[in-house]
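Here's a quick briefing to read with the model open beside you.

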Amino acid sequence: MPRQVFYYDQPERFVAGTVGQPGSRAFFLQASARGRITSVLLEKTQVAALAERVDEVLDEALRRSGGEASIPAVAPAELIDSAPLDLPLEQEFRVGTMALAWDAGDGRLVVEAQAALEETEDEEEPVFDDENGPDLLRVRLTGAMARVFAKRALELVAAGRKPCPFCNLPLDPEGHICPRQNGYKR
């Protein structure tokens, strides 16, 4: 089956969002432009890693340009997006591999999320640029929009379950069996 590439050059919206209660949330990346919406499913750790790397790449691009790039140091307040994910929420694929790149010529951050590959015994290496390869979401963001994305994504990850004061593992609403308390429930 031919590969589907969902391409957004300067989308109207690019956000990370969740569905469900803390402890059983599903994490999504969602891009939208001109009435078209693409949502992909990924893990919480992938959202956290992507947001952290976006900030790092933007900081490095700003440093290399000597402060002349149009990249804000922090997310502009007027662009902050706290709205829920757009509906209908239809998952296109589950993300396996992600990539980031700074396009200095255009002053854009390129974010790519590639579909996870099904593991087979004969396939040793993933296929990246094959027309029959895995589906791909490619988004090109301005520096300001990328900062806003990273801020929201980091807040989203931090809004999960509170950590146990003893072991730092996430607490369920009914408590948890704490390894630091020798298995006693708190």
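E155 and K151 sit together in helix α2, 4 residues apart, or about one turn of the helix. Helices here are DSSP runs of H or I with at least four residues, strands are E runs of at least two, and both are numbered from the N terminus. Keep in mind that this is a predicted model: local features need pLDDT of at least 70, side-chain atom pairs count only at pLDDT 80 or more, and totals for chains, interfaces and linings use all residues. Residues are numbered from 1 along each chain as its sequence is written, and side-chain values use heavy atoms, with hydrogens and water left out.

- The side chains of E155 and K151 form a salt bridge at 2.4 Å, N to O; the term means a side-chain nitrogen of Lys or Arg within 4 Å of a carboxyl oxygen of Asp or Glu.
- E155 has a relative accessible area of 44%, so it goes down as partly exposed. Buried means under 20% relative accessible area, exposed over 50%, and partly exposed in between, with a 1.4 Å probe and protein chains only.
- K151 is partly exposed too, at 36%.

**The network around R140**

- Elsewhere, salt bridges with shared partners join D9, D103, D106 and R140 into one network.
- By the same rule, the count comes to 14 salt bridges.
- R140 pairs with D103 through their side chains, at 3.3 Å from N to O. R140 is in strand β7 (residues 136-142) and D103 in strand β5 (residues 91-103), so this pair ties together parts that are 37 residues apart in sequence.
- R140 also forms a salt bridge with D106, where the closest N and O atoms are 2.5 Å apart. That one links distant parts of the chain as well, since D106 is in the loop between β5 and β6 (108-115) and R140 in strand β7, 34 residues apart.
- Buried or exposed, what is R140? At 10% relative accessibility, R140 counts as buried.
- D103 is partly exposed at 26%, and D106 is partly exposed at 49%.

**How α1 and α2 pack**

- Helix α1 (residues 44-64) packs against helix α2 (residues 143-158) at an angle of about 145°, with the axes 9 Å apart. Axes are lines fitted to C-alpha atoms, for helices over the stretch in contact, and angles run from 0 to 180 degrees between N-to-C directions.
- The α1 and α2 crossing is left-handed, meaning that the near helix is turned anticlockwise from the far one by less than a right angle.
- Among the residues of α1 that meet α2 are V47, L50, A51, V54 and L58, and the α2 side includes A146, F149, A150, A153 and V157. Contact means heavy atoms within 4.5 Å.

**S39, a buried strand residue**

- S39 is part of strand β4 (residues 36-42), and at 1% relative accessibility it counts as buried.
- Its side chain makes a polar contact with the side chain of Q30 at 2.9 Å. A polar contact is a pair of N or O atoms within 3.5 Å; within protein, one must be able to donate a hydrogen and the other to accept it, and residues adjacent in sequence count only if both atoms are side-chain atoms.
- Leaving out residues up to four places away in sequence, S39 touches F28, L29, Q30, L89, E90, Q91, E92 and F93.

**P84, an exposed loop residue**

- P84 is in the loop between α1 and β5 and is exposed, with a relative accessible area of 64%.
- Not counting residues up to four places away in sequence, P84 touches R13 and R152.
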